[in-house]
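Hi,

Here is the structure I promised to pass on. Please open it alongside this email.

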Amino acid sequence: MAGVLQGQRIWRVAIFMDFSSIFDIGSIGSLLTTIAALAPGFIIAFVRSKFVIGGAEIASNKYLEFLISSSVYYSAVLPFFLKWSGFGAISIFFLFFGIPLLIGAALGISYQKEYVSRIAARCNLKIAHPVPTAWDYVFSKLEAGTWVVVTLKNYEDIYGYFGGLSFASSDLERRDIYIQDVRDYNWNPVEEPGRARGVWISEDDIVMVQFVAHSQ
């Protein structure tokens with residue numbers, strides 16, 4: 001009986017030691033160091049992804065990219081903080097959050113405005129495009145008021161008006177499309193005046209999407 005009680009006591013002490021090690025000052029310091037090393041790169045990538053169709057996925061295999069981005073960021077920004085700002089509360093906020101947020105937004109806007117692509121074209125350079133698929137690229141550039149023809153696997157064509165209420169998925173794992181106003185093959189409404197028929201189409205049924213750019 002004494003041996004059982006002693007064994008239980010040792011087991012409880014071991015659990016307590018493992019649990020308390022989580023709150024060890026050294027462990028907390030290592031955790032904060034890791035967060036500080038990755039935070040700017042993560043924030044830059046996250047904010048930028050909000051401007052890039054198909055770029056919203058933040059996966060575990062991006063940690064190296066976050067670390068490299070943070071390293072470049074600290075190399076460019078930290079000397080200015082050390083020389084002019086110091087490390088007050090406001091400075092720390094801007095160092096770890098404010099400036100990375102602005103950089104991410106600037107990179108996202110530059111993508112939408114195609115500033116980098118234009119500069120590269122003038123310099124006769126070819127760079128990797130940030131949008132992963134043609135689906136994402138086309139729908140990110142598509143203006144509201146475009147007519148579409150979706151060909152299904154059963155060779156049926158669905159004609160419709162892709163307007164502001166229509167939607168095309170930007171999920172890399174799942175592609176679907178919603179057309180807000182279905183038309184017949186002559187682009188005439190299929191419903192009576194004042195009504196519109198929308199349709200959702202799964203990626204499993206889509207063979208091809210054609211675009212006809214003209215006003216409604």
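Below is what I found, element by element. Bear in mind that this is a predicted model.

Start with helix α4, residues 89-112. At 1.5 Å a residue, its 24 residues should span 34 Å. The end C-alpha atoms are 34 Å apart, so the two agree. The helix does have a kink of about 45 degrees, centred on leucine 95. Leu95 is also among the buried residues of α4. Others that are buried include Ser91, Gly98, Pro100, Gly104 and Tyr111. After α4 comes glutamate 114, with a positive phi near 60 degrees.

Next, the sheet. Three strands form an open sheet in the order β3-β4-β6, with antiparallel pairing. β3 (167-168) and β6 (199-202) are at the edges with a single partner strand each, so one side of each has no neighbour in the sheet. β4 and β6 are joined by four bridges. In one of the pairings, isoleucine 179 has valine 199 of β6 as its bridge partner.

Last, glutamine 180. This residue sits in the loop between β4 (176-179) and β5 (181-183). Is glutamine 180 buried or exposed? It is buried, because its relative accessible area is 18% and the cut-off for buried is under 20%. A polar atom of its side chain lies 3.3 Å from the backbone nitrogen of glycine 164. Leaving aside residues up to four places away in sequence, glutamine 180 touches Tyr161, Gly163, Gly164, Leu165, Ser166, Ala196, Arg197 and Gly198.

Best wishes

How values were computed
Residues are numbered from 1 along each chain as its sequence is written. This is a predicted model: local features need pLDDT of at least 70, side-chain atom pairs count only at pLDDT 80 or more; totals for chains, interfaces and linings use all residues. Side-chain values use heavy atoms; hydrogens and water are left out. Helices (H or I, at least four residues) and strands (E, at least two) are DSSP runs, numbered from the N terminus. The expected span of a helix is 1.5 Å times one less than its number of residues. The bend at a residue is the angle between axes fitted to the seven residues ending there and the seven starting there. Buried means under 20% relative accessible area, exposed over 50%, partly exposed in between (1.4 Å probe, protein chains only). A polar contact is a pair of N or O atoms within 3.5 Å; within protein, one must be able to donate a hydrogen and the other to accept it, and residues adjacent in sequence count only if both atoms are side-chain atoms. Contact means heavy atoms within 4.5 Å. Two strands pair if DSSP finds at least two bridges between them.
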